[in-house]
Amino acid sequence: MFNSDTIVALATPAGAGAIGIIRISGEGAISLAAPFFKSIRNKDLKKQKSHTVHFGQIVDADTILDEALVSVFKGPHSYTGEDVVEISCHGSPYIQQQIIQLLLRNGCRSAHAGEFTLRAFLNGKLDLSQAEAVADLIAADNEASHQIAMQQMRGGFSNEIKKLRDELLDFASLIELELDFAEEDVEFADRTQFTDLLNRISTVLKRLIDSFAVGNVIKNGIPVAIVGEPNVGKSTLLNALLNEDRALVSEIAGTTRDTIEDDISIGGIGFRFIDTAGIRETKDIVEGMGIQKTFEKIEKAQVVLYLVDSSRFFPKRNPSAFGMPPQAGELFPQLQEIEKIRKNYPEKPLVVVVNKIDQIDRDAKANLNSILSKVEGIVVQMLSAKRNVGLEELQTKLLEFVNTGALKNNDTIITNTRHYNSLLKALEEVEKVQLGLTSGVPSDLLAIDIRQALYHFGEITGEITSDDLLGNIFANFCIGK
Ligand SMILES: Nc1nc2c(c(=O)[nH]1)N(C=O)[C@@H](CNc1ccc(C(=O)N[C@@H](CCC(=O)O)C(=O)O)cc1)CN2
Ligand SMILES: Nc1nc2c(ncn2[C@@H]2O[C@H](COP(=O)(O)OP(=O)(O)OP(=O)(O)O)[C@@H](O)[C@H]2O)c(=O)[nH]1
Ligand SMILES: [Mg+2]
């Protein structure tokens with residue numbers, strides 16, 4: 001799979017910008033670029049030291065394409081581990097294309113997606129999980145996902161895995177040595193120490209595996225579905241949370257037909273809010289499709305916000321509506337809907353958002369509170385989406401659903417499904433070895449399971465890999481990375 005031909009790509013986003021960076025990497029990078037660089041004192045790029053920057057012109061025969069800054073990195077001391085030249089030109093798509101075309105005509109090849117980072121991996125500059133973190137880092141749009149990706153890119157997770165792998169490897173060697181002396185019945189590997197090690201490894205593995213639950217949602221944003229009957233203020237709430245007029249709002253029931261989603265960061269954690277079509281019986285086919293989608297979103301959401309319009313049941317200046325505490329069920333038909341969601345998704349945090357509290361008085365609030373406090377398994381938040389009252393409290397409650405403990409402790413959090421699967425398999429093998437030790441399984445069988453566990457550790461950091469796997473991972477990178 002590996003070749004060190006010279007590759008080129010635009011490293012900055014396509015389109016106009018202040019500056020564009022064209023990156024060249026490979027054995028021939030410097031000598032290939034050198035003839036097209038002209039500086040005042042006729043510097044020869046080939047003779048420049050690594051990690052130096054040079055001002056000059058990029059020329060194509062008699063044509064000056066641009067005035068640029070050119071950086072030189074000499075392998076193995078570069079991002080890719082190969083010779084690298086970077087041309088920092090003016091951010092004109094025309095200039096960028098002219099320079100890239102010039103290089104392509106003179107022996108460069110267009111880089112594939114992720115090929116610079118693939119080379120960094122193949123040259124041992126990064127291990128596989130660090131390389132994967134580079135893509136996560138670029139995609140991170142909030143503090144939590146940035147922190148996790150940065151820690152992983154810097155090798156935090158890899159080091160943890162490598163340490164376990166090395167210790168296990170030592171024991172594997174000792175056990176395998178015993179096999180060579182099978183007749184003599186010796187034990188090189190101290191069984192007590194080995195048991196301790198296995199216990200330690202399985203504890204770490206379990207912690208890492210558990211961290212995926214939080215890591216996965218942090219990476220993708222925590223989906224929060226905003227649902228309820230039409231006209232209760234769902235879209236108003238979405239807009240208020242996003243601080244932007246994202247969704248149409250009107251006093252007409254059935255305004256939102258399709259789902260509308262957007263991300264925001266609360267307390268450094270990414271949340272994805274999903275405004276949905278109001279739930280009601282309808283003959284309108286399109287509205288019905290929207291409502292169908294609402295139920296799918298509830299299914300996929302991590303948290304459900306069920307909105308009710310408090311003013312519909314407790315209008316101001318209408319004492320009869322709350323003079324006598326009525327039966328909760330009659331007064332508040334949505335209770336049934338709330339119960340239904342709660343029963344269908346007992347694990348899913350359900351927040352009953354009592355909206356439009358600017359329209360009701362204190363007695364009504366107290367009344368509602370007492371009704372809702374009898375419903376088990378829900379969290380209640382009273383607010384006015386329109387008047388921006390109670391939104392911060394809602395955000396605080398949302399944050400409480402996310403177990404940020406691991407984040408604060410700076411524990412390693414895994415976010416990658418591939419790592420998760422390898423860790424599960426490694427744990428399975430480690431547990432087999434543990435069981436084997438207690439039940440006196442012969443060393444040769446133990447050795448096989450240990451090797452299997454080592455294999456799965458190696459998958460994470462890339463000691464064990466395949467062209468297919470690498471192709472899959474790096475194809476998801478952008479070109480130029
Ligand atoms: N212009 C530019 N900016 C960039 C990158 C790049 O490739 N080019 N990077 C790319 O994504 C990131 C920085 N990553 C880099 C990592 C290592 C080396 C490097 O030269 N490493 C050498 C020398 C280290 C040293 O002198 O201490 C080495 O590892 O041997 C360069 C960039 C972000 N910013
Ligand atoms: N007084 C008051 N009015 C509100 C509040 N929140 C929303 N409204 C009004 O309620 C009406 C309906 O709001 P929407 O946000 O469109 O309601 P929705 O739940 O998205 O409705 P559908 O999309 O039809 O399901 C609008 O006229 C809003 O201005 C609030 O806190 N107080
Ligand atoms: Mg709406």
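What you see is a predicted model, in which local features need pLDDT of at least 70 and side-chain atom pairs count only at pLDDT 80 or more, while totals for chains, interfaces and linings use all residues. Residues are numbered from 1 along each chain as its sequence is written, and chains are lettered from A and ligands numbered from 1 in the order in which they are written.

The mean pLDDT, the predictor's confidence in each residue from 0 to 100, is 91 for the protein, and 95% of its residues reach 70 or more.

The protein has 18 helices and 13 strands, taken as DSSP runs (H or I, at least four residues, for helices; E, at least two, for strands) and numbered from the N terminus. Its radius of gyration, over C-alpha atoms, is 30 Å, well over the 23 Å of the globule rule (2.2 Å times the number of residues to the power 0.38), so the protein is more spread out than a compact globule.

Turning to the sheet, 6 strands form an open arrangement in the order E9-E10-E8-E11-E12-E13, with mixed pairing, where two strands pair if DSSP finds at least two bridges between them. Strands E9 (260-266) and E13 (379-382) stand at the edges with a single partner strand each, so one side of each lacks a neighbour in the sheet. Within the sheet, E8 (residues 222-228) and E10 (residues 269-275) pair in the parallel sense over 5 bridges, and Pro223 has Arg272 in E10 as its bridge partner.
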